[in-house]
Structure formats: C-alpha cells, structure tokens
Amino acid sequence: MSDVLLRTGELGFAYPERGASLFRKAPMREVIRRVDLAVPRGTVLGLVGESGSGKTTLGRLLVRLLEPTSGGIQFDGIELSHLTEAALRPLRMRIQMIFQDPQSSLNPRLPLAVTLTRQLEIYGRLKGRRARRDRAAALLDLVGLPTSFVDRYPHELSGGQRQRAGIARALALEPDFIVADEIVSGLDVSTQAHILLLLKELRAKLGLTVVFISHDLSVIRVLCDDVAILQAGEVVEQGPVARIFSHPQHAYTRQLLAAIPLPDVEPGWLDDPTSTALLQQQGSAA
C-alpha cells in the first residue's frame, strides 16, 4: 500500500469564455495549470493563495466535482480523472468535501436527522427512522453538538454550529479523504479555534487525510503538515510548513508572508491541555 493517498500529475482545468461568438468555438480560459501534488495518508496539506488563485476549483477537481481537462488524479492508485459518474459512485464514500458556506450546503427544508443520514440511505447502509435518528445523533456527538439537535433545521443553528453540522455530514460515510474549503473564513476568531481543534481531533481519531484550503497563513501554520502555494492556478512552491514559513523560496510566497501579519504562535498551543479544555468548554455554543 502506497504512503501517498492522493496524487495529481500535470493537472489542469479550463472552461469556455463567456460571450464568445456563436459562429466560432469559444476560447478556453485556463484556471488550473500543471499542478503536481502528493498527499500522504494521515496528513494535512494546506492549500494557500489569494482570492481568485484557483483554490476552490482545485479542491473541486480533487474530489471530482469537476472533470480535469488535462493531467491526472490518482486516489489510492485509482485514476479518477475521466471516470464516469457510475464508476465514481463507489469511491464517493471515501472522498468528501466540507464546503465554505454551510448555510447553502445544508438543505434548509430538512432537519439534521435527514441531512446527515441521507447519503447512508442512498448507499443502502441505513434503513428505518430509528436507525436514522440514532446515527444522526452519533454524528452530532462526534462533532461536539448536542444529540437533541437531530430535529433542528440549519437556520436554528449559529454559524459555528452549522459548520460542525457540515463536518458531520462529510463524515457520515466514514471517508478516508476530505477537502475542507475555507471552512473557518466566515467565523469569529474564537469559533475558528473551536473548529480547528475539532478538525485536529477528528484527524487523529479517524485517521483522516485532509486538503485544507485557506487564505489565512496563521491557520495553515497551526494545522497543516505541508503547504502548497497557489498563484494564478499554478503551484509555485510546496513543502513542509516549517520550511516554507522559515525559508520561503518563491517571491510570491515571500509576498504573502510579508502582507499578512503572523503572530508568534507557541509551538503546540493547540495541544496544550489548558487551552484545549477551555475551548472544549466553550465549543458547544460555537
């Protein structure tokens, strides 16, 4: 078994330009260019870049919500790039995405009991109302939400609680690989810390492999093992977080580090028992 769970080679994606003439083929706009990534099992790869750099598009390619126009994606040795939806279906259980805005990714008309378990029913892994409620309650407990929330709707939750529910939905099928797309960007600093702590704990408990997309370099430095810097659809630098932050080689990386104030983070602060206990006490309200 390879130590690398997900790998890309010369990965690219382009789409037709809008407003092209009806009488000639629309020119293609390339938004992802020749991306080579390797994500070892059980690690967190941070994907960083400015707005418009292609981070979300690349994340959607990695979970095959978009089909590449060039290059390849291998997941656990299986080439995903041009598989049909029918061929992808068994792999969907192992590959999930946590979206940036849980308000739009959670169905507002369904209680959490249904939202969190619908995938399980589709795959034939759950039957009956009682089993559905029990599994939904277990998922809520896993992400630090009260089990009584099974009957709540997304609009009845706070922003942090909705994001926890979004994480629970992604974990329902017990995936191996998750893409987390800017999942703390719209939250206050305290709630961000709760979500980061939760993700760190889930990674250790479930053995998850994660691609964590963010524009916040301080978050990347705390959570990730490796980082890839994306500029205009190209990865211009990648490597271990400690090396990239202490000795950036590319001018764009140095520009990002210089533009964003980075507080001195005490090593292992997220592992500190005192801070962890405090965050866990506050977490149920976040």
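Me: Are Phe 75 and Phe 177 buried or exposed?
Reply: Phe 75 is buried, and Phe 177 is buried as well. Buried means under 20% relative accessible area, exposed over 50%, and partly exposed in between, with a 1.4 Å probe and protein chains only.

Me: What kind of model is this, and how are the residues numbered?
Reply: It is a predicted model, where local features need pLDDT of at least 70 and side-chain atom pairs count only at pLDDT 80 or more, while totals for chains, interfaces and linings use all residues. Residues are numbered from 1 along each chain as its sequence is written, and side-chain values use heavy atoms, with hydrogens and water left out.

Me: How many aromatic pairs does the structure hold?
Reply: One. Phe 75 and Phe 177 make up a tilted aromatic pair, 6.3 Å centre to centre with 55° between the planes. Phe 75 is in strand β4 and Phe 177 in strand β7 (residues 177–181), so the pair ties together parts that are 102 residues apart in sequence. The cut-offs: rings of Phe, Tyr and Trp (its six-membered ring) pair if their centres lie within 6.5 Å, and planes under 30 degrees apart count as stacked, over 60 as edge-to-face and the rest as tilted.

Me: And where do the helix and strand labels come from?
Reply: They are DSSP runs numbered from the N terminus: helices are H or I with at least four residues, strands are E with at least two.

Me: Back to β7. How many of its residues are buried?
Reply: Five of the five, so β7 is largely enclosed by the rest of the structure. Phe 177, Val 179 and Asp 181 point one way from β7, and Ile 178 and Ala 180 point the other way.

Me: Which sense does β7 take with β6, and with β8?
Reply: Strand β6 (residues 95–98) runs parallel to β7 and is joined to it by four bridges. Strand β8 (residues 209–214) also pairs with β7 in the parallel sense, over five bridges. Two strands pair if DSSP finds at least two bridges between them.

Me: What are the bridge partners of Phe 177?
Reply: Phe 177 is the partner of Ile 95, and in β8 its partner is Thr 209. Val 179 stands opposite Val 211 in β8.

Me: What is the strand order of the six-stranded sheet?
Reply: β6-β7-β8-β3-β9-β10, an open sheet with mixed pairing. Its edge strands are β6 and β10, each pairing on one side only. On average, neighbouring strands of this sheet are turned by 15° against each other, direction ignored.

Me: What about the four-strand sheet, which order there?
Reply: The order is β2-β1-β4-β5, open, with antiparallel pairing. The edges are β2 (28–40) and β5 (78–79), each of which pairs on one side only. Helix α1 (residues 55–62) packs on this sheet and touches β1, β2 and β4 (70–75), with its direction at about 120° to that of β1. Contact means heavy atoms within 4.5 Å. Axes are lines fitted to C-alpha atoms, for helices over the stretch in contact, and angles run from 0 to 180 degrees between N-to-C directions.

Me: How many bridges join β1 and β2?
Reply: Nine, with β1 covering residues 4–16. Arg 7 has Ala 38 in β2 as its bridge partner.

Me: Different topic. Which residues other than glycine have a positive phi?
Reply: Arg 34 is one of them, with phi about 45°, and Asp 76 is another, with phi near 50°. Most residues other than glycine have a negative phi. Arg 34 is in strand β2 and is partly exposed at 47% relative accessible area. Asp 76 lies in the loop between β4 and β5 and is partly exposed at 27%.

Me: Helix α11 next. Which residues are buried?
Reply: In α11 (residues 251–259), these are Tyr 252, Thr 253, Leu 256 and Leu 257. Seen down the axis of α11, the buried residues fall within an arc of 135°, so they line one face of the helix. The arc is that of the directions from the helix axis to the C-beta atoms.

Me: What is on the face turned away, and what covers the buried residues?
Reply: The face of α11 turned away from its buried side carries the exposed Ala 258 and Ala 259. The cover of the buried residues includes β3 (44–48), α9 (217–223), β9 (226–231), β10 (234–240) and α10 (241–246).
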